[in-house]
Amino acid sequence: MSSNIKEQGEQQVSMKFVTLVSIVAALGGLLFGFDTAVVSGAVGFMKERFSLSEFEVGWAVSSLIIGCIVGALSTGVLSEKFGRKKILITAAILFIIGSIGSAIPDTFSGFIIARIIGGIGIGITSTLCPLYNAEIAPAKYRGRLVALNQLATVTGIFLVYFVNLWISGLGDDAWDVSTAWRWMFGFGIIPGVLFLVLLFFVPESPRWLIKQGRAAQSLPILLRIHGEELAKQEVLDIKESFKQENGSFRQLFSPAVRLALIVGVGLAILQQVTGINAVMYYAPEIFKQTGAGTNAALIQTILVGLINFLFTILAIWLIDKVGRKVLLLIGSSAMTICLAVIGMAFQTGHASGPLVLIFILIYVAAFAVSLGPVVWVVISEIFPNRIRGIATSIASMALWAADYVVSQAFPPMLTSAGPAITFWIFGLMSLITFVFTWRVIPETKGKSLEDMESLWAPKKA
């Protein structure tokens, strides 16, 4: 009886510790959401301040993504060499520098440089925070703790809509053009500094420490997570997983890892080409296509952000209950139907009513409960220990590259092909996501990170 009480007490203490650590790491997601969305409220004022062309407006939005690609690509090698914690601290510093630099420039070129610097920090956190959470969390709760990163991301997106609205209301039109956009970007310093300070209170990844031959330093961390008996077994299991050749780029293409890389990169790309960031970045323009006025379009955009936030919370509750694969199948099928209906509404001239808004909200809800958080969870957990950092970095880079392509292609697609064809293309991508998930993706719910190796081992005849 007393031993059961002790075990329950250890579990409560460990979960409190793991949750606290995961929340701190997930603040990186808040920076991610804030920085990707803040430009939507600022770019109109910047266009007037710097007399920007349409191409330069697009560059103001997408320059951050270029930095994200660089950050994501470099994360694997750097985090394997210097550790997860040090690179996250570096990312926080880069984000703060980017926020300050974006707020003070007198030239458009200076703004772009600052955005790229901040983007490098975002690319690092978007890759490393889910990976760090996965390496800290017990298998039973890993899905929801890694998904905290996505909740923080959508929280950042949702909050920044109100921050932008508040700042733009502090002065007249001339003040907005000269100053408001500076305060919008500068506001990012607050979460950046908070993230930086809290990082000094979290431990290094125990799996990274063991890989570096520092098992003695990892044991106290694992004891706080698992309790004494499980912690010692965890050390042995992790050591066993590292007995094979240390991670290298050559190993990424070995038979045991190649399929995992295809799944990780494929899911990362599919998350973006189903059109979610086209909707999130350009929601006001989409709603204007339905005949909504500027104010109505902005209100509908906030509604999109609210739905995204609420259904991400639902995903965190479901992901360790029903599993990753089930959520992906349900979400991608619902997205396919919604996008087909939206395209049909534009094609048949019925876009002016509430139909498009309703199905965009359902589409966003389906994404938020599936591809939004689940993709980040899957690419943080499916790779073997010895190459997880490098492989996750490649998958994250593919995601950001796809985001850049969709973000740049969406406005001309909307103009040249029209909204119907554009949304049908996204619908086709959602259908491909369903088939890809059904045929290729394994269920990883409840499996330890050390068990992931067996998922990709060649089947014996």
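Me: A residue is called buried under 20% relative accessible area, exposed over 50% and partly exposed in between, with a 1.4 Å probe and protein chains only. Why is Cys68 called buried?

Reply: The relative accessible area of Cys68 is 0%, which falls under the 20% limit, so Cys68 counts as buried. Cys129 is likewise buried, at 0%. This is a predicted model, in which local features need pLDDT of at least 70, side-chain atom pairs count only at pLDDT 80 or more, and totals for chains, interfaces and linings use all residues. Residues are numbered from 1 along each chain as its sequence is written, and side-chain values use heavy atoms, without hydrogens and water.

Me: How many disulfides are there?

Reply: A disulfide requires a pair of cysteine sulfur atoms within 2.5 Å. By this rule the count is zero.

Me: Why are helix 3 and helix 6 called roughly antiparallel?

Reply: Their packing angle is about 175°, with the axes 8 Å apart. Axes are lines fitted to C-alpha atoms over the stretch in contact, and angles run from 0 to 180 degrees between N-to-C directions. Angles under 35 degrees are roughly parallel, over 145 roughly antiparallel, 65 to 115 roughly perpendicular and the rest oblique. Helix 3 and helix 6 are therefore roughly antiparallel.

Key. Helices (H or I, at least four residues) and strands (E, at least two) are DSSP runs, numbered from the N terminus.
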